Amino acid sequence: MTQQIQFREFEVTDFDDSLLIAREAWPDDTAMLPETFLRSDIGLYFSLATWARVATVSGRVVGVLLGQIHNDLSLLGQIRSIILSMWQVLLISLGAYDQLPRRFTFVRKYLATEIRWARNRPASDAEVTLLMVAAGYRGLGIGKQLMDLFLGTARDKGAQKASVSTEEDSNWRFYEHYGFSRCCDFYDDLDSFIRNRDIRAFYYTFDL
Ligand SMILES: CC(C)(COP(=O)(O)OP(=O)(O)OC[C@H]1O[C@@H](n2cnc3c(N)ncnc32)[C@H](O)[C@@H]1OP(=O)(O)O)[C@@H](O)C(=O)NCCC(=O)NCCS
């Protein structure tokens, strides 16, 4: 199996495979969110990434890591990132995603989460924004190799500290096993709203 795993840059045609992996990784959230919203929200992660690699097996995408290396992010890129996030909030408020549950509460929770993330975000030069491996391919070292590739590039570009945000239902233990340290622990408004129970979010950092 290991010999068949290949790594390459993300291509637009990988998007549908990536969406399938996200559905598998976060089944509760993705089951209750409309397809149009999911496509747009995950699309936002892809468009804001400065580093995007996939792992493939026999041509099929089985793992994805998206990240931002801050040295690669121009002022224009930062402004674009703020505009795209605000655009998403506007689309939700205007009802562009028709089956989104209680959309005004959703917007409030979405903004509260963004604010809490911004308040708790540790200083770092590189951030992992999405990491997922298809269920049938976990435990084969794919996540670790994607992380090695990302952190290696970040280090080469002068980054000294990397960070990642995650939450209690995701596989945060992977980061601890890798050597990341938890620096913040806070309430996640949006995930708590979506899952209808209290969810803690975490930030982790890693010295490069
Ligand atoms: C997190 C995730 C990407 C890990 O991918 P993976 O390819 O299965 O991980 P790897 O096989 O590369 O594991 C690397 C190491 O981490 C360890 N590890 C992985 N999950 C672990 C866990 N829950 N607890 C302890 N160690 C863990 C592995 O045992 C392995 O250890 P080793 O290098 O000493 O052998 C995968 O579990 C996933 O997609 N989960 C769903 C989405 C998610 O939670 N994403 C991350 C949080 S946002």
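# Briefing: fold, helix packing and ligand shell

Among contacts between residues at least 6 apart in sequence, 72% join residues at least 24 apart. The model is predicted. Its secondary structure comes to eight helices and seven strands.

**Overall dimensions**

- The protein has 208 residues and a radius of gyration of 17 Å.
- That agrees with a compact globule, because a globule with 208 residues would have a radius of gyration near 17 Å.
- The C-alpha trace spans about 45 × 35 × 35 Å along its principal axes.
- Of the 208 residues, 26% count as buried.

**Helix H1 against helix H3**

- Helix H1 covers residues 15-25, and helix H3 covers residues 35-48.
- The two helices pack at an angle of about 110 degrees, and their axes are 11 Å apart.
- This angle makes H1 roughly perpendicular to H3.
- On the H1 side, the contact is made by Phe15, Ser18, Leu19 and Ala22.
- On the H3 side, Leu38, Arg39, Ile42 and Phe46 make the contact.
- By class, the residues of this contact divide into six nonpolar, one polar and one charged.

**Helix H3 against helix H4**

- Helix H4 runs over residues 75-93.
- The axes of H3 and H4 come within 11 Å and cross at roughly 175 degrees.
- The pair is therefore roughly antiparallel, since angles over 145 degrees count as such.
- H3 contributes Ser40, Asp41, Leu44, Ser47 and Leu48 to the contact.
- H4 contributes Ser81, Leu84 and Gln88.
- The contact of H3 with H4 has three nonpolar, four polar and one charged residues.

**Shell around the ligand**

- There are 17 residues around the ligand.
- Arg138, Gly143, Lys144, Asn171 and Arg173 come nearest.
- The shell residues divide into seven nonpolar, seven polar and three charged.

**Points to take away**

- H3 takes part in both helix pairs described here: its contact with H1 includes Leu38 and Phe46, and its contact with H4 includes Leu44 and Leu48.
- H1 lies roughly perpendicular to H3, whereas H3 and H4 are roughly antiparallel.
- Six nonpolar residues belong to the contact of H1 with H3, and three nonpolar residues belong to the contact of H3 with H4.
- Around the ligand, seven residues are nonpolar and seven are polar.

Notes. Residues numbered from 1 in each chain as written. Predicted model: local features only at pLDDT ≥ 70, side-chain atom pairs only at ≥ 80, totals over all residues. Helix = DSSP H or I, 4+ residues; strand = E, 2+ residues; numbered from the N terminus. Rg over C-alpha atoms; globule rule 2.2 N^0.38 Å. Buried ≥ 20, exposed ≤ 12 C-beta atoms within 10 Å, placed from the backbone. Contact = placed C-beta atoms within 7 Å. Axes fitted to C-alpha atoms, helices over the stretch in contact; angles between N-to-C directions. Parallel < 35°, antiparallel > 145°, perpendicular 65-115°, else oblique. Nonpolar A, V, L, I, M, F, W, Y, C, P; charged D, E, K, R; others polar. Near = placed C-beta within 6 Å.
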